[in-house]
Amino acid sequence: METLYRDLRFACRSLIRKPGFTAAAAICAALGIGLATTIFSAFYAIVARPFPVGDPAGIAALVATNVDRGIDLGDLSYEDFRQVREQSSSFDSIAGYNETSLTVDAGNEPERLAGVVVSAELFDVLDVIPDRGRTFRTDDDRPGAAGTVVLAHGLWSRRFGAAPEAIGTTIQIDDQPHQIIGVMPEGFAFPNQAQLWIPLAPRWHDSQREQREIDVVGRLRDGVGTESASREIEAIGSRLETQFPDTHDGWGLAAIELRDLFVSDGMRTISFTLLGAALFVLLIACANIGNLVLARAAARNQEISIRAAMGAAPGRVASQLLVESLVLAAMGGVLGTLVAFIGVRGLVTLFPASNPIPYWMEFSLDLPVLLFAATITLFTGLLAGLAPALQARRLDLVRLLNGTSRGSSAGRGRLRAALVIAEVALSAILLICGALFVRSFFAIEKIDSGFDEARTVAWRMHLSGDRYDDEGTRRQSIETLLSELRATSGIESAHASPLIPL
């Protein structure tokens, strides 16, 4: 440790005497480490970060499958959800939910909010307790039950001033009275950016069996894995297909890990690709730093020869150069963490307000990300200092003292040339892959959509409440609106559709 301390002190003094070299190497390391840490933060948030629920490994998602239609992550109908809940023995509890949007009128300005219609078991499955009040009971989640609602912490703070007396009051949701019974913890917004939750059965108990719009999750029993639960769920799906051939022909059921419901294979592929590209940039930075250290070592031949003449073994000289490289990497790691902090904040701003980042996808420099940054900082220092350290172990003291170190210089030159070749090769790979991405992007941009997108405006309209229960009333309301739009100056045509193209 004393030797290491002396080497660290000497390395710091040596680097301070060469501020230009030190700044160049530290900035190079900072860019590589900062980029890799930024991308790893996104990778970890998407692929690896545990879901912010109780024991996420104990939760499985239940999905509908249809090989002929290419569906492997389909939703269940309400009746299928009930059948699975009654027949399955692999789960302690099973819950269903449907994401929707709800018109909320709390006595001031009505607004449309992201809401979720959920079965009473959902919060038990997720093992999340409310911050205030309670969540749904079985009596709340039955046909004809009085309306109840659980609010997100943000909505409670924004619309009710975080007043405790808001619990127990009644608000209008889609023209129906709902009593506020609870407030969830701050930051909880399952499944994505929900602001309120209402019971499932009152709205879905009379839905059709072929109406597959219910997401289903379940809490596995102790000792039961997702694979064994999936086998049971597949058997239930086979029975339903036999029992209801008209609506279930070709349809099956499966259980998957919770994250697989939210993160597609495409998202995983993109995440791994970006992380690989960032690590390539880090390797280029390592090669660049190694080249800088080698160039500086060539200018320090006289210093090294004097130290060797005074008894310093080649191994000690090599360790000194390695420590110097590690100090440079540490400086780059500190600067790189700052770069990553700015980069992570920049990633968050890429998500538009109309499609915000899911609540479970948290981009931050938390402990796992900082450990990754520390690991690649150490890796950068070792890799960048490896070539100069190996070169120092092969010193020819006689040639150095006589000033005839051509062999050593030639060897060092070949090593520097090899590092340059490696940098160019890695850069070429990145540039080619980047060009392919750009070409694909422009190819997608040039696809003919079949209509003039620049002159087309689309929006969503929701007709909810008792007044629109009748299909004839809904149709008439839409036709009236379309007639008024068509008569408006500047509008060439207007149409309605249950789906927005593209």
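Analyst: Begin with a polar contact: a pair of N or O atoms within 3.5 Å, where one must be able to donate a hydrogen and the other to accept it. Keep in mind that this is a predicted model. Here the side chain of S88 reaches the backbone nitrogen of S90 at 3.4 Å.

User: Where does S88 lie, and is S88 buried or exposed?

Analyst: S88 lies in the loop that runs between helix 3 and strand 4. A residue is called buried when its relative accessible area is under 20%. S88 has a relative accessibility of 11%, so it counts as buried.

User: Which residues is S88 in contact with, apart from its neighbours within four places in sequence?

Analyst: They are I94, E232, I233 and I236. Among these, E232, I233 and I236 are also buried residues of helix 7.

User: Which residues of helix 7 are buried, and which exposed residues are on the face turned away from them?

Analyst: The buried ones are A229, S230, E232, I233, I236, G237 and L240. Viewed down the axis of helix 7, these buried residues fall within an arc of 165°, so they line one face. The face turned away from the buried side carries the exposed residues E227, R231 and T242.

User: What covers the buried residues of helix 7?

Analyst: The cover includes helix 3, helix 8, strand 1, strand 4, strand 11 and strand 12. Of the six residues in strand 12, five are buried, so this strand is largely enclosed by the rest of the structure.

User: How do I read the pairing of strands?

Analyst: Look at the direction of the two strands and at the bridges between them. Strand 1 and strand 12 are antiparallel and share six bridges; A61 stands opposite I256 of strand 12. By contrast in direction, strand 5 and strand 10 run parallel, joined by four bridges, and V118 has P199 of strand 10 as its bridge partner.

User: Which strands pair with strand 4?

Analyst: Its partners include strand 5, antiparallel over eight bridges. Strand 11 is joined to strand 4 by six antiparallel bridges, with S93 opposite R219. Strand 8 pairs with strand 4 in the antiparallel sense over two bridges, and there D105 has Q172 as its partner.

User: How many disulfides does a search of the whole structure find?

Analyst: The search finds zero. A disulfide needs two cysteine sulfur atoms within 2.5 Å. For C28, the closest cysteine sulfur is that of C286, and because the two are 8.3 Å apart, they are too far for a bond.

User: Are C28 and C286 buried or exposed?

Analyst: C28 is buried, at a relative accessible area of 15%. C286, with a relative accessibility of 2%, also counts as buried.

Notes:
Residues are numbered from 1 along each chain as its sequence is written. This is a predicted model: local features need pLDDT of at least 70, side-chain atom pairs count only at pLDDT 80 or more; totals for chains, interfaces and linings use all residues. Side-chain values use heavy atoms; hydrogens and water are left out. Buried means under 20% relative accessible area, exposed over 50%, partly exposed in between (1.4 Å probe, protein chains only). The arc is that of the directions from the helix axis to the C-beta atoms. Contact means heavy atoms within 4.5 Å. Two strands pair if DSSP finds at least two bridges between them.
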